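Please look over the structure below. The report that follows takes up helix packing, then the sheet, then the chain as a whole.

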Amino acid sequence: MADNLPARLSEPALLPHQFDDQLRARLAALDAASDTHADDQRPGNTTRAYNADWKTWEAFCTQLQIPTTAATRGTLRAFVDYLWNREQRAYSTIDRKLAGVTVKLRKEYKVIVDPEATKAARELLKDYAKQAAAAEEPARGRGKAPALRLVTLREIVAKCDTDIFGLRDRAMLLLGFSIAARRAELAGLRLRNIRPDDNGLLVHVAVSKTAPRTVPVPYGQNPETCPVRAWHAWVDAARITDPDRHAFRRIHHTGKVQPQGLSPQRAGDIITAAGLRAGCEDLFTGHSVRSGLATEARRAGKDRKAIAAITGHKKGSKVLDGYMQIVDQWDEKDNALIGLGL
């Protein structure tokens, strides 16, 4: 077996300062190709958000008359102050913009921002948020998407028509809820990502903000809200057979299913519109099905690890805690005091 191993090089490995120009050029080309490949894997909405973050940073730097590459402790703190006090941005928006700026500087300008500088900027942001809470200022931003609970999901699904539009919307709602989908994940599904199984469906979420995951979706107890049956009804009616095409498609107003898939924005709009048609008071968004699954699974006593396997969150994720919403403060499932024996 040792005879099959490659022979060892007789010469010692070169150190980086010993590389010649030809080798440096080859390594630079590999770096550029890998950067392009990595960018291609990033969801489109993330790329658009980072581009918008950079434009905000450019405008800020222009006002301060400093170069865009000058991301120091002082400039990043000033950026936070600018966004919080002048533009009245939400906490989560500012936090993301800090990330967007540092990523852009690293990838396009080869500038590595000192971690202590970004830490100082985020500490200032936290202080501003605490001061706002102490002063009882109104919350900024849209806030969390309302969780789409099962009782409401049933009402919305019941209002979906029986035509091709209704079949698609019902399948999107039920499958989106079952895999705790972000809107980009729902829009990114291809036919090959949804495989029939004796127990239901195996849904591979390949387009994800974090890591890909495969979710086993079982048959539902209620045929009217069964995600597996809803999926088969849609795919059969739409006559989708190409495994590389989108699972959920645009539909012409005449009812003809188009070959093009849905954008993430359109996927979210379909969920919002379905809620409005059902007369729901809450304005549901694309993220509501994701929060709804996490909330209902917690209330049903499901293991946190099992929930994270569906949502794709890592062990101990604080973000997952945020998805698990308290929906009824007087229900024993949401109030830790009830049933203690006080």
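## Helices α11 and α12

The crossing of α11 and α12 is right-handed; a crossing has this hand if the near helix is turned clockwise from the far one by less than a right angle, and is left-handed if anticlockwise. This is a predicted model, in which local features need pLDDT of at least 70 and side-chain atom pairs count only at pLDDT 80 or more, while totals for chains, interfaces and linings use all residues. Residues are numbered from 1 along each chain as its sequence is written, and side-chain values use heavy atoms, with hydrogens and water left out.

Helix α11 spans residues 288-299 and helix α12 spans residues 304-311. Helices (H or I, at least four residues) and strands (E, at least two) are DSSP runs, numbered from the N terminus. The two helices pack at an angle of about 165 degrees, and their axes are 10 Å apart. Therefore α11 is roughly antiparallel to α12. Angles over 145 degrees count as roughly antiparallel, under 35 as roughly parallel, 65 to 115 as roughly perpendicular and the rest as oblique. Axes are lines fitted to C-alpha atoms, for helices over the stretch in contact, and angles run from 0 to 180 degrees between N-to-C directions.

From α11, the contact (heavy atoms within 4.5 Å) takes Arg290, Leu293, Ala294, Ala297 and Arg298. Ile307, Ile310 and Thr311 come from α12. By class, this contact has five nonpolar, one polar and two charged residues. Ala, Val, Leu, Ile, Met, Phe, Trp, Tyr, Cys and Pro count as nonpolar, Asp, Glu, Lys and Arg as charged, and the others, Gly among them, as polar.

## Ser288

Ser288 also lies in helix α11. Is Ser288 buried or exposed? Ser288 counts as buried because its relative accessibility is 0%. Buried means under 20% relative accessible area, exposed over 50%, and partly exposed in between (1.4 Å probe, protein chains only). Leaving aside residues up to four places away in sequence, Ser288 touches Ala145, Pro146, Ala147 and Leu148.

## Helices α4 and α5

Helix α4 covers residues 91-108, and helix α5 covers residues 115-134. Their axes come within 10 Å and cross at roughly 170 degrees. The two helices are therefore roughly antiparallel to each other.

On α4, the contact uses Tyr91, Ile94, Asp95, Leu98, Ala99 and Thr102. On α5, it uses Thr118, Ala121, Arg122, Leu125, Lys126 and Ala129. By class, there are seven nonpolar, two polar and three charged residues.

## Helices α7 and α9

Helix α7 (residues 164-178) packs with α9 at an angle of about 145 degrees. Their axes are 8 Å apart. What is the hand of the crossing of α7 and α9? The crossing is left-handed.

Ile164, Leu167, Arg168, Arg170, Ala171, Leu174, Leu175 and Ser178 line up from α7 in this contact. They meet Pro227, Ala230, Trp231, Ala233, Trp234, Ala237 and Ala238 of α9. The residues divide into twelve nonpolar, one polar and two charged.

## The three-stranded sheet

An open sheet of three strands has the order β1-β2-β3, with antiparallel pairing. Two strands pair if DSSP finds at least two bridges between them. The edge strands are β1 (194-197) and β3 (213-218), and each pairs on one side only. The twist averages 20 degrees from one strand to the next.

Strand β2 takes in residues 200-205. Four bridges join β1 to β2, and a hairpin links them through two residues. Which residues of β2 face Arg195, Pro196 and Asp197? Arg195 has Leu202 as its bridge partner, Pro196 stands opposite Leu201, and Asp197 is partnered by Gly200. On the other pairing, six bridges join β2 to β3. There, His204 stands opposite Thr214.

Helix α9 (residues 227-238) lies across β1, β2 and β3. It runs at about 80 degrees to β2.

## The chain as a whole

The protein chain has 13 helices and five strands. Buried residues make up 38% of its 342 residues. Among contacts with a separation of 6 or more, 59% are between residues 24 or more positions apart.
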